[in-house]
Amino acid sequence: MVQAIVGANWGDEGKGKVTDLLAEKSDVVVRFQGGANAGHTIINDYGRFSLHLLPSGVFHSHVTNVIGPGVALNVDALLRELASLTEAGVPAPKLLVSDRCQVMMPFHVDFDKFEEERLGKQSFGSTKSGIAPFYSDKFAKTGIQVCQLYDHDILRQRLEISLVKKNVLLRELYGKPEVDLDSLMDELIQMAEKLKPMVADTTRFLMQADREGKTILLEGQLGTLRDPDHGIYPYTTSSSPLAAFGCIGAGLSPMSMKKIYAVTKAYSSAVGAGPFVSEIFGDAAKELRDRGGDRGEYGATTGRPRSVGWFDAVATRYGAMVQGATELVLTNLDVLSYLDEIPVCVAYKTAEGETITDFPTTPTLMHCTPVLDSLPGWKTDIRGIMKYEDLPENCRKYVDFIERSAGVPIHMVSNGPKRSDILYRF
Ligand code: GDP
């Protein structure tokens, strides 16, 4: 049975924690898109971890972790992450990397930086991890698959063709040094040797695991609103974070997906550029940002302060719908315990003065302002509460409100960053 854990909003909803939790009762955890550009924070008995590329099942020795063909594979970042687990005393995880996965080149990271510099104020808020140049090459068919790393003639031929264009851009557009083919070949051949023990035909492995009735978790990165088609284009990422893409990016039949958990926070946060209607500013924002997550709302990869705002019913309903969510997982509920009244965004007002409750396209969204309502707070620390029924009444009413406005049932509510901070509501 395949289950997806995906973000209903802009990312950073707490998917890593939910995946780590559900991995306990699963056999396989798969990353199906994205790369080392975003982080999943996980706090468990081994400590606090920020995973970027590794699937969040790596803390469970019974789980096989898979990096599917849809991922932007930064091999150095992957090896660094594996080493950091070993240093923290985590047993070496079972990890398979798809032989069809494409490899992030050092020049992808450089191109990402140079392009953001060139765009200046017009930039899209890239994390400068090479993601957009990587996927551009993949779809222009000039990328390098893991399997091609082991055929040096093909590798050299493909790089030779690709570098002609790259070097023109480096020289003429960015005024930077060119990439040398021989040194790049050496670097990639060394990288390939280190990667070799993990390389496998993961599509065959996953199809077989599914046939045998194994539980497979597909772990999404970012969230609906960063989807290149259904998100806030162009302030999106370059691969689809949607559950529907999960089967493609992993290598599974679309008929195998039985559950889709869309994760959302009890408030909103976003990192990177783009319209964010329920955003708040000033002291109120600073307070929410500092109280949010486990150490404040600061990017797990970049350390950038995240923009924060109130819960956005318009964006979340849309986010859950596009994900095809079968349930919503609500995280960070404990963060709101300091508020007397909790503002929530229930609709948008357009530039023309129209009130809308359906999430619009980006040009309209850019000029929308929030229509706010508010719910009474509960003003008591809810961390450590073990049973859903023991939450204060106003807190349960807040969860009811989110469920109603998203139109998807909520069974799991997270009241703290640790694995054990989870309440089941039925
Ligand atoms: P992901 O990319 O979706 O996995 O999310 P991130 O790890 O980037 O951000 C989620 C943040 O919320 C992290 O700091 C988590 O430790 C934290 N977190 C997750 N669930 C909860 C919760 O219920 N309460 C609090 N206070 N923090 C949480």
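**Stop 1: the cysteines**

Look for disulfides, meaning pairs of cysteine sulfur atoms within 2.5 Å: the structure holds zero. This is a predicted model, where local features need pLDDT of at least 70, side-chain atom pairs count only at pLDDT 80 or more, and totals for chains, interfaces and linings use all residues. Residues are numbered from 1 along each chain as its sequence is written, and side-chain values use heavy atoms, with hydrogens and water left out.

Select Cys101 and Cys147. The sulfur of Cys101 has its closest cysteine sulfur in Cys147, 10 Å away, and that is too far for a bond. Cys247 is in no disulfide either; its nearest cysteine sulfur, in Cys101, is 17 Å away.

Is Cys101 buried or exposed? Buried, with a relative accessible area of 0%. Here buried means under 20% relative accessible area, exposed over 50%, and partly exposed in between (1.4 Å probe, protein chains only). Cys247, at 5%, counts as buried too.

**Stop 2: strand 5**

Select residues 64-67, which form strand 5. Helices (H or I, at least four residues) and strands (E, at least two) are DSSP runs, numbered from the N terminus. Thr64 and Val66 point one way; Asn65 and Ile67 point the other way. All of them are buried.

Next, show the neighbours. Strands pair if DSSP finds at least two bridges between them. Strand 2 (residues 28-31) pairs with strand 5 in the parallel sense over four bridges. Find Val29: its bridge partner in strand 5 is Asn65. Strand 7 (residues 94-98) also pairs with strand 5 in the parallel sense, over four bridges. There, Thr64 has Lys94 as its bridge partner.

**Stop 3: the nonpolar cores**

A nonpolar core is a set of buried Ala, Val, Leu, Ile, Met, Phe, Trp, Tyr and Cys residues joined through side-chain atoms within 4.5 Å. The largest has 41 residues. Select Leu73, Leu78, Val97, Leu159 and Leu195, which touch the most other members. Elements that each supply at least two residues include strand 4 (47-51), helix 2 (75-87) and helix 5 (152-174). Which helix gives the most? Helix 6, with seven residues. Domain 1 (2-99 + 200-261) and domain 2 (102-195) each give this core at least three residues; the bounds come from an automatic or database domain assignment.

Zoom in on Leu78. Contact means heavy atoms within 4.5 Å. Not counting residues up to four places away in sequence, Leu78 touches Leu53, Leu54, Ile67, Leu73, Leu95, Val97, Leu195 and Met198. Last, select Phe311, Ile382, Tyr388 and Tyr398. They are among the 38 residues of another core, apart from the largest one.
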